[in-house]
Amino acid sequence: MKKLLFVLFFILSANVSTAEIEINFTKDAFKSAQKSGKTVVVNSWSKWCYTCSKQEKIIKEAKKDFKDVLFLSYEQKNKDIAEFLNIDYRSTFVIYRDNKEVARAIGITKKEEIYTLINKGI
């Protein structure tokens, strides 16, 4: 029983870290970046999503490595944004360039794969 409680505590505490994800998506920022020809990475996430918390660590690194890319995040429970972007799942990355979607992935957590997607938009 103690082991079960420990595991539950560990899982729940791991998900708490996702609360630190910056919510910065606005339609205006997205449209403005698209008009300027900037590469945009949109990150859809949920607080309780373990995959999302793993991805966020990579996104923080990517922000430092891809300084000319705009990273926008929103919580999946915001259905208006999800519908606007046609995103149905949490832990989704979508990369845009010149008003076009150039890459989309759901649930990936490997740095190399995420960086490959971002590079498709550059």
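The model is a predicted one, in which local features need pLDDT of at least 70 and side-chain atom pairs count only at pLDDT 80 or more, whereas totals for chains, interfaces and linings use all residues. Residues are numbered from 1 along each chain as its sequence is written, and side-chain values use heavy atoms, with hydrogens and water left out.

Helices (H or I, at least four residues) and strands (E, at least two) are taken as DSSP runs and numbered from the N terminus, and two strands are said to pair if DSSP finds at least two bridges between them. An open sheet is formed by 4 strands in the order S2-S1-S3-S4, with mixed pairing. Its edge strands, each pairing on one side only, are S2 (70-75) and S4 (100-106). From one strand to the next, the twist averages 20°, where axes are lines fitted to C-alpha atoms, for helices over the stretch in contact, and angles run from 0 to 180 degrees between N-to-C directions.

Strand S1 (residues 40-45) runs parallel to S2 and is joined to it by 6 bridges, with Val 42 standing opposite Leu 72 in S2. Helix H3 (residues 50-65) touches S1, S2 and S3, and its direction makes about 160° with that of S1. Helix H5 (residues 111-120) touches S1, S2, S3 and S4, and its direction makes about 170° with that of S4.

The axes of H3 and H5 come within 10 Å and cross at roughly 50°. The two helices are therefore oblique to each other, given that angles under 35 degrees count as roughly parallel, over 145 as roughly antiparallel, 65 to 115 as roughly perpendicular and the rest as oblique. Residues Gln 55, Ile 58, Glu 61, Ala 62 and Asp 65 of H3 make the contact with Lys 111, Ile 114, Tyr 115 and Ile 118 of H5. These residues of the contact divide into 5 nonpolar, 1 polar and 3 charged, where Ala, Val, Leu, Ile, Met, Phe, Trp, Tyr, Cys and Pro count as nonpolar, Asp, Glu, Lys and Arg as charged, and the others, Gly among them, as polar.

Strands S3 and S4 pair in the antiparallel sense over 6 bridges, and Arg 97 has Lys 100 in S4 as its bridge partner. The hairpin of S3 and S4 has 2 residues between the strands, and here Asp 98 takes a positive phi near 55°. Asp 98 is partly exposed, with a relative accessible area of 44%, where buried means under 20% relative accessible area, exposed over 50%, and partly exposed in between (1.4 Å probe, protein chains only).

A positive phi near 55° is also found at Ser 91, a residue other than glycine. Ser 91 lies in the loop between helix H4 (79-85) and S3 and is buried, with a relative accessible area of 6%. Thr 92 is placed in strand S3 (residues 92-97) and is likewise buried, its relative accessible area being 1%. When residues up to four places away in sequence are not counted, Thr 92 touches Val 42, Asn 43, Ser 44, Ile 87, Arg 104, Ala 105 and Ile 106.

Key. Contact means heavy atoms within 4.5 Å.
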